[in-house]
Amino acid sequence: MKLVIVESPAKAKTINKYLGAGYKVIASYGHVRDLPSKDGSVDPDHKFAMIWEISDRSKKQIDAIVKEAKTANEILLATDPDREGEAISWHIKDIIHSKGIKDKPIQRIAFHEITKSAINKAINSPRDLDQSLIEAYLARRALDYLVGFNISPVLWRKLPGSKSAGRVQSVALRLIADRELEIEEFKPQEFWTVEALFKNEKGDIFPAKLTVLNGEKLEKFSLNNAQLASAAIASVDGGKYRVENVEKKSIKRNPWPPFITSTLQQEASRKLGFSSKRTMQLAQSLYEGASIDGETIGLITYMRTDSVNLASDAVSGIREAINQDFGEKYLPKSPRVFQNKVKNAQEAHEAIRPTNVLISPSQLQGKLDKDLWRLYDLIWKRTVACQMQQALIDQVIVDICDSLGKHVFRAVGSTVAFDGFLKLYQEEKDDDKGDDGEGAVLPPLSAEESVIIENLDKKQHFTQSPPRYTEASLVKRLEELGIGRPSTYANIIQVLQDRNYVRLDKKRFFPEERGMIVNTFLLNYFAKYVEYDFTADLEQQLDDISNARISRLKVLDDFWQGFTKVVDVSKELRITEVLNLIEDKLNHHLFPVKDGEDRNKTRACPMCGSGRVGLKLGRYGAFLGCSSYPKCSFTSALYDNTASSAEADGRASVPGKYEPKVLGKDPNSGQNITLRKGPYGFYVQVGEAAIGNKGSVKRVSVPKAMDPEQISLPQARILISLPKILGKHPDDGKEVSIGVGRFGPYVRHDNKFFSLDYAKLFSLSSVDQAIALITEAAKNSKSKKTT
């Protein structure tokens with residue numbers, strides 16, 4: 001019996017059906033061991049020796065693999081065909097040998113699609129493990145460990161409340177944080193355009209834009225205010241105009257290459273609204289096999305790749321499908337061959353494509369889960385389109401001049417002469433880039449033809465700040481920089497969100513304050529290690545290891561020699577020094593001012609007026625506080641903490657930029673009553689908490705049935721007074737009180753709770769009213785029991 005070891009049970013089930021008798025297919029369920037999360041797992045002093053540990057979740061599966069290996073005649077390692085897959089195979093082989101099973105041949109097989117022919121071909125072409133790929137994996141894992149387990153403790157000591165710092169994640173965080181600072185510093189510039197509607201001799205109306213005024217070419221900011229735009233209209237109005245020149249040209253558009261991992265994630269985000277993580281989950285299911293009419297079929301090739309190559313037999317099938325479905329005019333004379341543009345591309349297998357292009361999306365409609373079908377439809381269309389004929393766009397550029405030759409308007413129009421691949425697929429854009437040179441369809445026009453102005457209009461515009469990253473544009477930028485690998489993008493994005501360094505809001509990434517602070521710390525104390533070029537160069541070195549051009553130990557040693565010195569220096573930093581630097585670097589971000597506003601005034605303490613608000617550090621992270629502490633207890637949280645941490649240091653937990661809303665004064669203490677927001681919702685609070693004294697303020701949750709933004713000062717005062725004793729019951733002398741509990745407002749008497757609606761909560765003011773409610777509730781209870 002031959003034992004075949006794959007990664008997932010779904011893949012095992014599909015392959016088992018293809019191989020039949022004589023084979024046993026078993027799953028490892030992914031990685032089986034890893035470096036323990038403790039110091040010493042990588043030892044730089046002993047040639048970067050690594051300690052591996054089988055995870056608790058893998059022990060049961062390892063026992064099953066070892067048990068089957070003992071009785072197998074041959075062991076075939078069939079994990080995924082990439083660097084990670086090679087590593088898993090290496091771990092499994094090492095574990096099998098460590099269990100004393102050394103007399104069985106163990107070989108590696110690889111396939112890029114789960115079809116019967118591909119599996120049989122792989123079974124007949126076993127090989128040894130690729131030691132260079134394993135060396136590259138070991139180097140990557142060691143680097144990630146050394147960075148994380150050396151920078152993270154420094155972060156925890158110097159910036160309490162910070163989470164871990166990862167080698168590649170920190171660079172991705174920098175991209176998002178730097179973009180936010182760009183946006184904050186951006187100053188929009190005003191500019192105007194003059195646009196006209198012309199009518200030709202046949203009565204056709206068409207638009208054109210003023211490009212030359214009084215013999216001077218108009219630049220973008222030539223008309224930078226309404227007065228200049230109005231003056232331009234006055235100059236051009238009333239003139240006689242004719243068509244001076246008509247330029248026609250044909251533009252050829254080539255199709256986009258087939259999907260690689262990053263472009264699939266980008267397009268699935270743009271077109272389908274999928275996160276990178278969701279896209280990869282669905283792609284994994286399509287690759288491993290979907291059940292169609294009772295048969296399990298692998299529908300796409302392996303989804304972690306940065307190769308745009310297509311197998312020749314696949315191209316032949318695609319061309320046959322194009323000819324059959326679209327006709328000969330949509331089929332180029334020869335197959336298209338694409339060049340890889342990804343920096344440091346290193347995967348050797350194919351692009352992502354359907355395993356059988358003859359299985360069209362329409363055939364799978366209703367047979368696949370909706371999201372699986374949508375992703376397959378996207379992959380199928382992109383793959384087929386990449387081999388279709390180019391599209392032809394007829395573009396017309398018309399210059400219209402006045403009789404004196406002083407003013408020129410330009411009209412641009414285009415039509416699709418032949419749709420080609422556009423008949424099947426059009427790639428989406430991340431952001432609106434403005435006019436791409438293709439205007440509306442223009443009527444037939446000829447040189448010297450007279451035209452008249454029907455309407456003139458001026459339009460105001462403002463330059464736009466660079467957009468925040470979407471998942472698609474972030475993946476694209478990481479890929480352009482050569483940072484990370486196809487299999488890591490989804491994880492990078494997820495880790496940043498899990499650590500609360502960034503958040504995704506309306507499909508755009510916003511850095512949290514915690515992320516901004518951590519990024520600033522790393523940029524100033526570990527600058528080299530969050531540089532884009534340095535990280536990309538390290539990726540190149542890892543690729544060189546995988547191609548046996550450089551040794552793993554040299555790369556690790558070169559890295560460690562410089563890195564350990566920086567870590568040692570950072571350990572000596574004083575917290576006040578760190579805080580002062582971060583406050584200085586993020587001054588404009590933490591304390592934004594409007595044009596003409598005095599920054600000193602914006603930083604004046606809102607409570608005492610004489611102190612200055614600055615960055616402080618507590619047990620649970622950074623916050624804003626008054627320089628006059630402890631005389632003044634003003635604080636304002638910068639980001640969300642857990643409920644326990646908010647209570648432990650006596651501060652309100654305010655997420656992001658949510659500022660406390662002052663509702664009015666508390667008549668008893670004279671302090672402000674404020675509306676705030678914590679991790680469990682809105683609440684009202686009296687005064688400001690003193691650090692380390694959780695009982696220094698009174699705070700009460702706003703009931704969920706209430707709109708917090710509509711809460712009034714009288715209502716807030718009532719909430720603050722709860723729980724409130726109204727008096728004693730005349731029958732037994734026991735207290736009667738009202739309050740808000742887990743299940744809403746209540747009246748309490750003799751340890752019994754009686755529900756209260758919110759209207760009565762704010763109108764109930766006497767013990768007699770409360771007793772009447774209790775009596776009524778008791779009567780209702782008795783009548784229900786009687787019936």
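Contact, throughout this tour, means heavy atoms within 4.5 Å. The model is predicted: local features need pLDDT of at least 70, side-chain atom pairs count only at pLDDT 80 or more, and totals for chains, interfaces and linings use all residues. Residues are numbered from 1 along each chain as its sequence is written, and side-chain values use heavy atoms, with hydrogens and water left out.

**Whole chain**

Start with the C-alpha trace, which spans about 100 × 95 × 75 Å along its principal axes. Colour by secondary structure to see 24 helices and 30 strands; helices (H or I, at least four residues) and strands (E, at least two) are DSSP runs, numbered from the N terminus. Of the 787 residues in the chain, 50% are buried. Buried stands for under 20% relative accessible area, exposed for over 50%, and partly exposed for what lies in between (1.4 Å probe, protein chains only). Among contacts with a separation of 6 or more, 67% are between residues 24 or more positions apart.

**Stop 1: I15**

Select I15, in helix α1 (residues 9–19). I15 counts as buried because its relative accessibility is 1%. Leaving aside neighbours within four places in sequence, show V6, V25, F111, I114 and I119, which are in contact with I15.

**Stop 2**

Go to S41, in the loop between β3 (33–34) and β4 (42–43). Is S41 buried or exposed? Its relative accessibility is 1%, so S41 counts as buried. Not counting residues up to four places away in sequence, S41 touches L35, P36, A49, M50, I51 and Y145. Draw a distance from the S41 side chain to the backbone oxygen of P36; the value is 2.7 Å. This is a polar contact, that is, a pair of N or O atoms within 3.5 Å; within protein, one must be able to donate a hydrogen and the other to accept it, and residues adjacent in sequence count only if both atoms are side-chain atoms.

Next select F48, in the loop between β4 and β5 (49–50). Phi of F48 is near 55°, a positive value in a residue other than glycine. F48 has a relative accessible area of 4% and is therefore buried.

**Stop 3: α5 against α15**

Display helix α5 (residues 131–158) with helix α15 (residues 513–525); their axes come within 12 Å and cross at roughly 120°. Axes here are lines fitted to C-alpha atoms, for helices over the stretch in contact, and angles run from 0 to 180 degrees between N-to-C directions. The angle makes α5 oblique to α15; under 35 degrees counts as roughly parallel, over 145 as roughly antiparallel, 65 to 115 as roughly perpendicular and the rest as oblique. The crossing of α5 and α15 is right-handed. A crossing is right-handed if the near helix is turned clockwise from the far one by less than a right angle, and left-handed if anticlockwise.

Which residues make the contact? On α5 they are I151, V154, L155 and K158, and on α15 they are V518, F521 and L522. Sorted by type, the residues of the contact of α5 with α15 are 6 nonpolar, no polar and 1 charged. For this count, Ala, Val, Leu, Ile, Met, Phe, Trp, Tyr, Cys and Pro are nonpolar, Asp, Glu, Lys and Arg are charged, and the others, Gly among them, are polar.

**Stop 4: α8 against α12**

Now show helix α8 (residues 261–272) and helix α12 (residues 370–385), which pack at an angle of about 120° with their axes 11 Å apart. α8 and α12 are therefore oblique to each other, and their crossing is right-handed. From α8, select T263, L264, E267, A268, K271 and L272; from α12, select R374, L375, L378, I379 and R382. The residues of the contact of α8 with α12 divide into 6 nonpolar, 1 polar and 4 charged.

**Stop 5: backbone checks**

Select K507, in the loop between β18 (502–505) and β19 (508–511). Phi of K507 is near 70°, a positive value in a residue other than glycine. With a relative accessible area of 54%, K507 is exposed.

Move on to P630, in the loop between β21 (621–626) and β22 (635–637). Y629 and P630 are joined by a cis peptide bond, with omega about 10°.

End at P723, in the loop between α22 (713–721) and β27 (724–728). L722 and P723 are joined by a cis peptide bond with omega about -10°.
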